[in-house]
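Here are some friendly notes to read alongside the structure. Take the points one by one, and find each residue in the viewer as you go.

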Amino acid sequence: MYSIVSTAIIRGIHSVPVQVEADVSDGMPMFEMVGFLASEVKEARERVRAALRNSGCYLPAKRITINLSPAHMKKTGSAFDLPVAVAILAALGIVPDQSLASLLIVGEIGLNGSVQPVEGVLPIVAEAGEQGFTHCMVPYDNRKEANLISNIRIVAVKNIREAIGFFHGTVEMTQETQADPQTLRAEQADGSDPAQKTQMQQEPDFSQINGQRLVRRASEVAAAGMHNLLMVGPPGAGKTMIARRIPSILPPMCRQEQLELAKIYSISGMLRQDHRMMYKRPFRSPHHTVTPQGLVGGGTIPKPGEVSLAHKGVLFLDELAEFQKSTLELLRQPMEEKQIQISRLHGSCGYPADFMLVAATNPCPCGAYPDMNRCRCTQSAIDRYLGRISRPLLDRIDICVETSPLTFAELSADPVNESSAQIRARVCAAWELQKERYAGSGIYFNSQIPADRLREVCQITEQEDTYLQQMYQQSNLTARAYHKILRVARTIADLCGSGRVETGHLSEAFCYRSLDRRYWERW
């Protein structure tokens with residue numbers, strides 16, 4: 001007696017089809033699993049045996065062989081439990097095998113027969129629909145994320161008995177568990193979703209920030225062109241407050257961005273608690289003690305890191321100089337390529353990492369430098385502290401600004417500042433200009449303009465060219481820093497509605513590069 005069940009395994013943010021073959025034959029009673037399996041997959045043998053027994057399905061004294069193919073790919077995770085159980089039931093004739101051809105199954109099972117949630121259901125279901133499957137059986141606790149995909153029917157089961165009941169027609173997919181993706185999209189688009197409204201009302205707003213006009217402006221420019229931003233200043237000057245409000249001035253995500261982000265969170269096991277988190281741009285703020293694997297991803301079984309969890313949003317690194325230098329250096333590649341590639345013995349996988357880096361740091365260990373009346377740090381201590389942030393990393397940060405301590409008048413004034421909504425309107429307009437300009441080119445923001453297209457995009461006249469030459473020679477810029485200035489100037493021009501980059505736009509862009517020379521000129 002033979003049966004075959006379709007399932008899948010996660011590789012990166014994509015799924016790879018896996019076939020679970022079951023053969024039940026006469027011979028010495030045994031239960032064997034083959035197919036290049038990790039230890040947790042091999043343990044499914046005992047989980048399935050006990051779960052079937054406790055569900056009223058007793059295995060006969062026969063030779064049971066399970067093969068997971070393709071055999072060259074290592075199988076990891078516990079999502080094979082339910083497919084293995086169904087394959088055995090089909091081989092025993094308990095469930096009809098003709099109903100398995102258009103069905104994909106994932107799920108972990110407990111010893112009592114309950115079906116437990118697993119990670120990565122969303123990308124598995126999404127690609128199952130593209131591969132022609134009409135139904136997908138998933139754990140009940142994964143039903144919300146699975147139902148975000150509209151081109152496939154979801155069968156959410158709580159235990160093995162319900163799974164068997166589905167094959168015999170005694171358990172139907174109810175309207176209660178079947179979400180309407182079109183309704184969810186409409187709610188997200190018009191803001192009528194109550195949960196989303198509550199989130200928007202509770203979000204930090206720029207109207208709550210007093211003073212710091214330069215940093216507020218720099219944040220707007222950074223958001224308009226998705227430029228990386230570094231804030232340097234003493235403790236309590238408002239660096240963290242401003243950083244936490246930057247997502248509130250970013251335009252909403254499109255449907256494609258939402259699904260891509262949701263896949264990352266699904267793989268990390270973070271989506272099933274709140275599937276609506278896919279509607280808001282992420283803000284990730286790892287502690288400075290984060291490990292390299294926690295920041296960029298990895299591990300024995302590779303998982304996305306903070307750079308991927310911040311995809312299409314903001315990665316905020318507070319106390320930047322407190323991070324391990326070797327950990328910070330890992331950011332250089334994903335900042336350039338917008339993705340991270342993780343290689344392991346049995347293969348490699350990639351995760352998207354298109355984030356906006358926002359960082360904040362004190363200028364010295366005590367935070368008072370360059371006010372030498374208050375700073376008690378030695379010059380060597382300051383050099384060591386700032387030296388943890390390398391020049392190559394600084395060259396990848398487009399905008400550097402200083403946050404100065406607030407005066408009492410600024411602190412006690414009534415908040416009459418621009419709201420995030422007002423700033424976001426200008427940012428949205430700048431994004432639309434970039435969308436039209438770079439349509440079909442693979443470029444989305446000014447921060448991504450290739451060096452060979454900068455002159456074409458910026459449309460610089462002879463007057464601006466002379467100004468650029470003077471500033472380049474005076475400031476001793478690197479080629480990368482020069483290109484960054486042009487990209488930032490293009491964004492400033494877009495915020496002003498100007499078709500070309502003018503001297504005033506270049507001057508403001510140069511101001512955003514003066515701070516790193518002031519503090520890091522030794523490196």
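**Notes on cores, helices and one buried asparagine**

1. Let's begin with phenylalanine 355. Setting aside neighbours within four places in sequence, phenylalanine 355 is in contact with Asn228, Val307, Ala310, Gly313, Leu315, Leu331, Pro334, Met335 and Lys338. Please keep in mind that this is a predicted model.

2. Now widen the view to the core around this residue. The largest nonpolar core has 72 residues, and the members that touch the most others are Val125, Val138, Leu230, Val307, Leu317, Leu331 and Phe355. Helix α4 gives the most to this core, with 6 residues. Apart from it lies another core, of 53 residues, among them Phe316, Ile460, Ala489 and Val501. A general idea is handy here: in soluble globular proteins, nonpolar side chains tend to be buried together.

3. Why is α4, residues 121-130, described as largely enclosed by the rest of the structure? The reason is that 9 of its 10 residues are buried. Those buried residues are Val121, Leu122, Pro123, Ile124, Val125, Ala126, Glu127, Ala128 and Gly129. After α4 comes glycine 132, which has a positive phi, near 100 degrees.

4. Next, a pair of helices. Two packed helices are described by the angle between their axes and the distance between the axes. For α9 (residues 213-225) and α19 (residues 420-437), the axes come within 8 Å and cross at roughly 35 degrees. The crossing of α9 past α19 is right-handed. On the α9 side you will find Arg216, Glu220, Ala223, Ala224 and Gly225, which meet Ile423, Arg426, Val427, Ala430, Trp431 and Gln434 of α19. Sorted by type, the residues of this contact are 6 nonpolar, 2 polar and 3 charged.

5. Helix α19 has another partner to visit, α22. At what angle do α19 and α22 pack? The angle is about 115 degrees, and the axes are 9 Å apart. Here too, α19 passes α22 in a right-handed crossing. From α19, the residues Arg426, Val427, Ala430, Leu433, Gln434 and Arg437 meet Arg490, Asp494 and Leu495 in α22. This contact divides into 4 nonpolar, 1 polar and 4 charged residues.

6. Asparagine 446 sits in the loop between α19 and α20. Is asparagine 446 buried or exposed? Its relative accessibility is 0%, so asparagine 446 counts as buried. Its side chain makes a polar contact of 3.2 Å with the side chain of arginine 437, and another polar contact, at 3.0 Å, with the side chain of threonine 491. Leaving out neighbours within four places in sequence, asparagine 446 is in contact with Gly225, His227, Gln434, Arg437, Tyr438, Arg487, Arg490, Thr491 and Asp494. Among these, Gln434 also takes part in the contact of α9 with α19.

7. Finally, look at alanine 481, a residue of helix α22, which spans residues 479-495. Alanine 481 has a relative accessible area of 3%, so it is buried. Not counting residues up to four places away in sequence, alanine 481 touches Asp395 and Arg513.

Notes. Residues numbered from 1 in each chain as written. Predicted model: local features only at pLDDT ≥ 70, side-chain atom pairs only at ≥ 80, totals over all residues. Heavy atoms only, no water. Axes fitted to C-alpha atoms, helices over the stretch in contact; angles between N-to-C directions. Helix = DSSP H or I, 4+ residues; strand = E, 2+ residues; numbered from the N terminus. Left-handed = near helix turned anticlockwise from the far one by under 90°. Contact = heavy atoms within 4.5 Å. Nonpolar A, V, L, I, M, F, W, Y, C, P; charged D, E, K, R; others polar. Buried < 20%, exposed > 50% of the residue type's maximum accessible area, 1.4 Å probe, protein only. Core = buried A, V, L, I, M, F, W, Y, C linked by side-chain atoms within 4.5 Å. Polar contact = N/O pair within 3.5 Å; in protein donor to acceptor, adjacent residues only side chain to side chain.
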